[in-house]
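Please look over the sequence and the model shown here before reading on.

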Amino acid sequence: MSAPIDPELASAVAPPPGAAVGLPPHPEGDPHHRDHAGPDHRLPGDPTIDAGHARAHADVWLSDVSAGYGDRPALGHIDLAVEAGTLLAVVGPNGAGKSTLLKVMAGLLSPWSGRVEVLGRAPGEEAHRVAYVPQAELVDWQFPVTVGDVVMMGRYPGLGPIRRPGPVDRRAVAEALEQVKMSDHVATQIGSLSGGQRRRVFLARALAADPALFLLDEPVTGIDATTQEDLMDILEAQTRRGRTVVATTHDLACAAQRFHRVAAINQTIIAQGPASLILDPGVLAQTYGGHLLVLGGQAVLMDDAHHHDQPATGERHFHDDEMRAP
Amino acid sequence: MDAIVGPLAYPFFIRALIACVLVGTTCAVVGTYVVLKGLAFMGDAISHAAFPGIVAAFLFKASFYLGAGIAAVATSLAIGYVSRRARIRVDTAVGVLFAGTFALGIFVFSSIRGYTPDLFGFLFGNVVAISVSDLIGLTVLGSFVLLIVAALWKELLYTTFDPLGAGASGLAVGPLEYLFFALVAVTIVVSLQAVGIILVVAMLVTPAATAQQLTVRFGSMMRLAILVGVGSSVTGLYVSYWLNVASGATIVLVETLAFIVAVVFGPHSGVWRLRRRAGARTPG
């Protein structure tokens, strides 16, 4: 008994109480979208768009989803449809629920209410076609595994119990490492890698699994420009193969330039639409609230990318109690 | 040479030697995951929780392994449940269960009238007192644990390293966690007769912790842990025989010594480690 998605919502800002937000027009000719123009690339308000249509074409579909931890709400009334082949950035301030949204999509956190479909089924049902990369802060970097070991883990779920990795798996690992330019570090313990190299390795783990859906928590946070460009090129290439990528990020410039679409959230969806949407001052102000400072026509985020609504390094089991037991 | 070969003439020593190898191997394999999951304290709690089970088994003339096994597995699953569901910190829950179950054991033990069993043996173990039937039970349980780890080592490794990533990609993180807690409980039960309730956590944790100082690969960590666990157990057994002292304590002392040597002289120690850490922090 899901409420029908307001067609306007697919590419419009939910009007704030008592405030009008100016919106850029929907860019019909967005260069990123030429390969995968879908129903929501039509003009807003097109009567042919309906909720069922959006749902049928979506790799990730959420309707009126609320979620949280214990009795603390983190997300409310989320409506979101992510088409196959889309590179979606989820942006918002700390504590906005970006990671929570990703966990709901990954099936790691059961929503309190609402409906979620991932790759056409309930979250977690198609888990072997989903690759999730946690925030770097949640990884124990002193763990005794090498770069090659971590990437091979991407192959484990497909192998199943008892079976050991074989030549096919080793080839997939080698190719994934090649893609992220980490082949030379295959035998390095992960703790001695730089921040950028660490993100490369975890993306390689996702690539080695060859998933239909990538769920990446802060994949480009705290890394150098070269690594960011490399990783975004790889993700862009994946979407051209029809893969879907949902990534949280604090980097609004990257979100606007390198992603196809953006969902600005702060407990709920503030706005969703083409990536350029995030440069709209109204959307920014509404998403970031007091964290945003406008200086001479330029918005400056007063948001520290290194503070997270997450436990400190080493407390990796914090979320165990929230994890879904499949 | 006679000091090595001489004791082998005694069947009790051969049995103790076999028990040491079995316990050393099982504890090292499971202990590798325990150390990496940071669950040493939980291992201590489970072993203490086995005590009321052992006393109950004595009272009802049931098998030692049955009593200890039921109590240990039940406690480990309770800890697992509490740590995943309840709004209590895990170390608090473990601390409460740790003392509570042990007190229950002592309470029942002290109420035993007439012939009382050897409390010292329960608490500190006596590997040279292991009977043939004990050895059979130990072999069955130890093989059971090793077989399960052999089948699921990848899955246990992935869920230990990155529970979120593993869960999202379809591994049954919850059931694997409970299974692992049960494996820890069975491993502890297997080791109880060798080193006793108080010291069993050392068998579980120390060899794996020693191995962790020497390698950066999971596979070699487990292999080294087995080497340290079995080597220390056998060495400890001989030393206790030569000096005529408690076997369990001697085994644990040898393991502790191995750990200290690894910390001081291992590749992660001293200046080398500091330099490596500084290097790892460089952003890039």
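How many residues of chain A are in contact with chain B, and how many of chain B with chain A? With contact meaning heavy atoms within 4.5 Å, 52 residues of chain A touch 39 residues of chain B. This is a predicted model, in which local features need pLDDT of at least 70 and side-chain atom pairs count only at pLDDT 80 or more, while totals for chains, interfaces and linings use all residues; side-chain values use heavy atoms, with hydrogens and water left out. Residues are numbered from 1 along each chain as its sequence is written, and chains are lettered from A and ligands numbered from 1 in the order in which they are written.

**Interface of chain A and chain B**

- About 3,700 Å² is buried between chain A and chain B, and carbon and sulfur atoms give 60% of that area; buried area is the accessible area (1.4 Å probe) that two parts lose on being put together, summed over both.
- Two salt bridges are counted between the chains, a salt bridge being a side-chain nitrogen of Lys or Arg within 4 Å of a carboxyl oxygen of Asp or Glu.
- One salt bridge joins the side chains of Asp149(A) and Arg217(B), at 2.9 Å from N to O.
- On the side of chain A that touches chain B, the elements giving two or more residues are α2, β5 (130-133), α3 (147-153), α4 (156-159) and α6 (195-208) of chain A, where helices (H or I, at least four residues) and strands (E, at least two) are DSSP runs numbered from the N terminus.
- Among these elements, α6(A) gives the most, with five residues.
- The residues on this side of chain A comprise 25 nonpolar, 14 polar and 13 charged, with Ala, Val, Leu, Ile, Met, Phe, Trp, Tyr, Cys and Pro counted as nonpolar, Asp, Glu, Lys and Arg as charged, and the others, Gly among them, as polar.

**Three-stranded sheet of chain A**

- The order β2-β1-β4 (chain A) describes an open sheet of three strands with antiparallel pairing, two strands being paired if DSSP finds at least two bridges between them.
- Because β2 (72-83) and β4 (113-118) of chain A stand at the edges with a single partner strand each, one side of each is left without a neighbour in the sheet.
- Strand β1 (residues 58-69) of chain A runs antiparallel to β4(A) and is joined to it by five bridges, and Trp61(A) has Glu117(A) in β4(A) as its bridge partner.
- Helix α2 (residues 98-106) of chain A packs on this sheet, touching β1, β2 and β4 of chain A, and its direction makes about 120 degrees with that of β1(A); axes are lines fitted to C-alpha atoms, for helices over the stretch in contact, and angles run from 0 to 180 degrees between N-to-C directions.

- Six bridges join the antiparallel strands β8 (residues 261-266) and β9 of chain A, and Val262(A) stands opposite Gly273(A) in β9(A).
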